[in-house]
Amino acid sequence: MPSPSSTRLNKFISESGLCSRREADRYIEQGLVLLNGKPAQIGDQVGPRDRVTVNGHKLEPKQVEDAVYLAFNKPVGITSTSEPGVRGNIVDYVNHAARVFPIGRLDKDSSGLIFLTSDGDIVNKILRAGNKHEKEYVVTVDRILTDRMLDEMASGIPMLGTVTKPCLVQKETPYIFRITLVQGLNRQIRRMVEHFGYEVVKLERVRIMNVTLKGLPVGDWRELTEQELAGIMKMVEKSSGTEDASGGRRNSKPATKAAQEPTGTGEPKAKRAHKSGPPSQKNPSSNGWWGPRPEKPQAAGPGKRPAKPGAGGPARPKSKGPSATGSRPASKGSPSGRSKGPAPRR
């Protein structure tokens, strides 16, 4: 039985600010981690007098009060990884004085809000789908949306060997919709859109839990406020950081036409939101995040790739603080009438 003063090795490495727990496990498997001079194993415990080195570098655990929590408005073209060998990786772009790593992923072709931190203990508590922490996105597609498509998307569709959880979907314009997820399957929104024969033109994450992009221009980052951090800590207070909160392992192979249909779990189907619906406790702004689970990106499917906004690549940030809010994505058509139906059920 582990000593009360000991810490699991991957957690110890993560709390040092070097990387996430998942990346720490990879380093251990690759033989890059030594515990008291001997190759470490997955699941090893670290005591107060133990020495840990990763690729020759001795680690010291970072104190919780010194942890860093950042909100970053990621531009298109930046990769959500801390791997130093990846060109345009998010850690090099942010260039923070502390060792930080992203909480989850945001596709290279997508933009918007992503957290970075040196606190490895909070990562899984935010990411696990079973903990039901919201992430909100604004999505622009290549042709006119239909109510049937949005309703089916909200109810759940077969994907990656499972069925997506019911979610909140709200039509903004004929080409733009807003979607709120508690999952983080690989390229989930793009796959959901492609399921109906559409293509994503622009995808922006605008909210993670109680934090929004308001006042944070593309390419800039800022530290979370005391109020935001207190809200997050309260939300994850009873959240599990273990696999049993993830809703089960996902099959990494794409779903076939004979993919399993939803079973009788007793979980109610989500309804699309009325555009003027009131804010909820989890969405106090009312106008608005898995980040998705870290996985290797898969090759793009056949067909034309979505157009990328902007040209010449993202500019380096000039400041750390918030400034004027970036413009909202332009629609390709005039706004249509609001969708009819009952108020959203959460």
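Q: What covers the buried residues of H2?
A: The model is predicted. In it, the cover includes helix H1 (9-15), strand S2 (33-35), S5 and helix H4 (123-127).

Q: Which residues of helix H2 are buried?
A: Helix H2 spans residues 21-29. Its buried residues are Arg21, Glu23, Ala24, Tyr27 and Ile28.

Q: Why are the buried residues of H2 said to line one face of the helix?
A: Look down the axis of H2: its buried residues fall within an arc of 155 degrees, so they line one face. An α-helix has 3.6 residues a turn, so residues three or four places apart point the same way.

Q: What comes just after H2?
A: Gly31 does, with a positive phi of about 80 degrees.

Q: Why is Val52 called buried?
A: Buried means under 20% relative accessible area. Val52 has a relative accessible area of 1%, so Val52 is buried.

Q: Where is Val52 found?
A: Val52 is in strand S5, residues 52-54.

Q: How many helices and strands are in the protein?
A: There are seven helices and 17 strands.

Q: How many of the residues count as buried?
A: Of the 346 residues, 46% do.

Notes:
Residues numbered from 1 in each chain as written. Predicted model: local features only at pLDDT ≥ 70, side-chain atom pairs only at ≥ 80, totals over all residues. Heavy atoms only, no water. Helix = DSSP H or I, 4+ residues; strand = E, 2+ residues; numbered from the N terminus. Buried < 20%, exposed > 50% of the residue type's maximum accessible area, 1.4 Å probe, protein only. Arc of directions from axis to C-beta. Contact = heavy atoms within 4.5 Å.
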